[in-house]
Amino acid sequence: MRILVVNVNTTVSVTEAIAASARAVAGPGTEIVGLTPRFGAESVEGNLESYLAAVGVADAVARYEGPFDAVIQAGYGEHGREGLQEMLDVPVVDITEAAATTALYLGHSYSVVTTLDRTVPLIADRLLLAGLDRRCASVRASGLAVLELEQDPDRAVTAIVEQARRAVAEDHAEVICLGCGGMAGLQDRVREATGVPVVDGVPAAVTIAESLVRLGLRTSKVRTYAAPRTKRVTGFPLEAS
């Protein structure tokens, strides 16, 4: 099977890291294709950038040439998953929901450790919309911007571990979810430092997508995610600049 893993920002090195994390857990016969939007912000840390990313991701998928069996939206708390589900009939998995649902199998409650404080409401809203908020103990910010995770991974781990430890001690979290696609690959170091299960949404989404494909399941089209009505849509997919 072929799974498209779409970065929500335009930083190619982040796409490469996300794709590498996905390939590390993909089963035999699964091909991971990393996609970077042609336009948008270099990092997504607010509502405007998230809405731009939603269109950028949809554009990248619409322009992809060749068959694929599932799509992973590799942005934490981002908009756009519902639009992709209308556009496609293959499974679409968002890493925010993938991490949280995986965490529910591992403990009674979970906390998310993310980047900047301004992203906390976006993640909280996504979990509420998905019906995953009830067992979320907290969403904590490490204080680091997305691109800082790549530039200084040791500092990133220190900041994430501090908030993860506080989530366990103060919020009674039993599982930690890494709340940014750019945190891919850090789960082992955070788990060693905290002693609790740590879920990275990218590999979690890969295993969920693979399971859905193997089960022969596709997105329901009877109502909510029915294909868009036929009408003239100007300029989409976006015209080449």
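**Helix faces and helix packing**

Author: In this predicted model, the elements that cover the buried residues of α1 include β1 (2-7), β2 (31-35), β3 (70-74), α6 (146-151), β8 (198-200) and α9 (201-214).

Reader: Which residues of α1 are the buried ones, and what makes them line one face of the helix?

Author: The buried residues of α1 are Val 14, Thr 15, Ile 18, Ala 19, Ser 21 and Ala 22, where buried means under 20% relative accessible area. Seen down the axis of α1, these residues fall within an arc of 160 degrees, so they line one face of the helix. The face turned away from that buried side carries Glu 16 and Ala 24, which are exposed.

Reader: How do you know that the span of helix α1 agrees with what it should be?

Author: Helix α1 (residues 12-25) has 14 residues and, at 1.5 Å a residue, should span 20 Å; its end C-alpha atoms are 21 Å apart, which agrees.

Reader: Why is α4 called roughly perpendicular to α9?

Author: Helix α4 (residues 95-104) packs against α9 at an angle of about 85 degrees, with the two axes 8 Å apart. Angles of 65 to 115 degrees count as roughly perpendicular, and therefore α4 is roughly perpendicular to α9. Among the residues that make the contact are Ile 95 and Ala 98 of α4 and Val 202 and Ile 208 of α9.

Reader: What makes α7 oblique to α8?

Author: Helix α7 (residues 153-170) and helix α8 (residues 187-194) pack at about 45 degrees, with their axes 10 Å apart. Roughly parallel requires an angle under 35 degrees and roughly perpendicular one of 65 to 115, so α7 is oblique to α8. Their crossing is right-handed.

Methods. Residues numbered from 1 in each chain as written. Predicted model: local features only at pLDDT ≥ 70, side-chain atom pairs only at ≥ 80, totals over all residues. Heavy atoms only, no water. Helix = DSSP H or I, 4+ residues; strand = E, 2+ residues; numbered from the N terminus. Expected span 1.5 Å × (residues − 1). Buried < 20%, exposed > 50% of the residue type's maximum accessible area, 1.4 Å probe, protein only. Arc of directions from axis to C-beta. Contact = heavy atoms within 4.5 Å. Axes fitted to C-alpha atoms, helices over the stretch in contact; angles between N-to-C directions. Parallel < 35°, antiparallel > 145°, perpendicular 65-115°, else oblique. Left-handed = near helix turned anticlockwise from the far one by under 90°.
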